[in-house]
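Keep the viewer open as you read.

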Amino acid sequence: MRDSDLSGGKLRRLLVLALALVGCWSPGSAGFGLWGHGWLSLMYGKSPALVLPLLLSLQLTVHCPTEAVEIYTSGALEAVNGTDVRLKCTFSSFAPVGDALTVTWNFRPRDGGREQFVFYYHMDPFRPMSGRFKDRVVWDGNPERYDVSILLWKLQFDDNGTYTCQVKNPPDVDGLVGTIRLSVVHTVPFSEIYFLAVAIGSACALMIIIVIVVVLFQHFRKKRWADRADKAEGTKSKEEEKLNQGTKVSVYVDDTD
């Protein structure tokens, strides 16, 4: 009798270990409702012969979600002191987005210190009522598009640090926390993008100047030709007038004779 009890105890312990390893045995688990009563009966002393059928039913019915919320952020961000910045955070979830969605933003200063609350969303946005972010952070997300971003106003140098974005969309509540390392600077460094923009702008300005010069050159050249034509026409008219006057004088002399 003792050997039978010992064997049953070993089997129960092995079953508990197996369930713990797969992470599915709890009253709230997906498959608990189908086989939970049999398991509880076994744990409270019924026949160990139930172990094998129970394990088979467990294998066939238990479904443990393996998906998790995935968070996407920029990772690192640089912004100028005194400006506004959008802390972008998007996510993906195997479960449809509903009213149970919660979003939590926190902040940890770069020089260390305790974590500080930044923003919370659950059906409606909840801004901080005190602290450094009071009246400086607003909701700028759209859960239907899996966007849970926020907008931070009037950056200060002590806003340097790490911002974390945590999303829970029950039953999908597991997943890593998204992080953004914000650096607040005096001016944005002159990067290749700015150099390219300046080069393109300069080329466009040069093209415009060349077009203006060509148009002005054509205009003045046509005007000069017109002036020359008018001058030549005037000279020709004077010569014809002189010739006509000479002809009239000759006719008058002949008539006098």
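Helices here are DSSP runs of H or I with at least four residues, strands are E runs of at least two, and both are numbered from the N terminus. On that basis, the chain has four helices and eleven strands. Bear in mind that this is a predicted model.

**The chain as a whole**

Of the chain's 257 residues, 26% count as buried. As for how the chain meets itself, take the contacts with a separation of 6 or more: 56% of them are between residues 24 or more positions apart.

**The cavity**

Rolling a probe the size of a water molecule over the atoms shows where empty space is left. In this model, the count is one cavity of 30 Å³ or more. The largest cavity holds about 40 Å³ of space.

Which residues line the largest cavity? From one part of the sequence come V69 and I71, and the rest of the lining is Q166, V167, V173, D174, G175 and L176. Sorted by class, that lining has five nonpolar residues, two polar ones and one charged one.

Start with S93, which sits in the loop between β4 (89-92) and β5 (102-109). Is S93 buried or exposed? Its relative accessibility is 16%, and the cut-off for buried is under 20%, so S93 counts as buried. Setting aside neighbours within four places in sequence, S93 is in contact with V69, N169 and D172. The side chain of S93 makes polar contacts with the side chains of N169, at 3.1 Å, and D172, at 3.0 Å.

Now move to S183, in strand β11 (residues 178-185). Which side chain makes a polar contact with the side chain of S183? That partner is R110, at 2.7 Å. Again leaving out neighbours within four places in sequence, S183 is in contact with L77, E78, A79, R110 and N160.

| Serine | Partner side chain | Distance |
|---|---|---|
| S93 | N169 | 3.1 Å |
| S93 | D172 | 3.0 Å |
| S183 | R110 | 2.7 Å |

To find them in the viewer, look for S93 in the loop between β4 and β5, and for S183 in β11.

Terms used. Residues numbered from 1 in each chain as written. Predicted model: local features only at pLDDT ≥ 70, side-chain atom pairs only at ≥ 80, totals over all residues. Heavy atoms only, no water. 1 Å grid on protein atoms, 1.4 Å probe; cavity = no way out; pocket = protein on both sides within 12 Å on 5 of 7 lines; lining within 4 Å. Points joined across faces, edges and corners; volume = space filled by probe spheres on them. Nonpolar A, V, L, I, M, F, W, Y, C, P; charged D, E, K, R; others polar. Buried < 20%, exposed > 50% of the residue type's maximum accessible area, 1.4 Å probe, protein only. Contact = heavy atoms within 4.5 Å. Polar contact = N/O pair within 3.5 Å; in protein donor to acceptor, adjacent residues only side chain to side chain.
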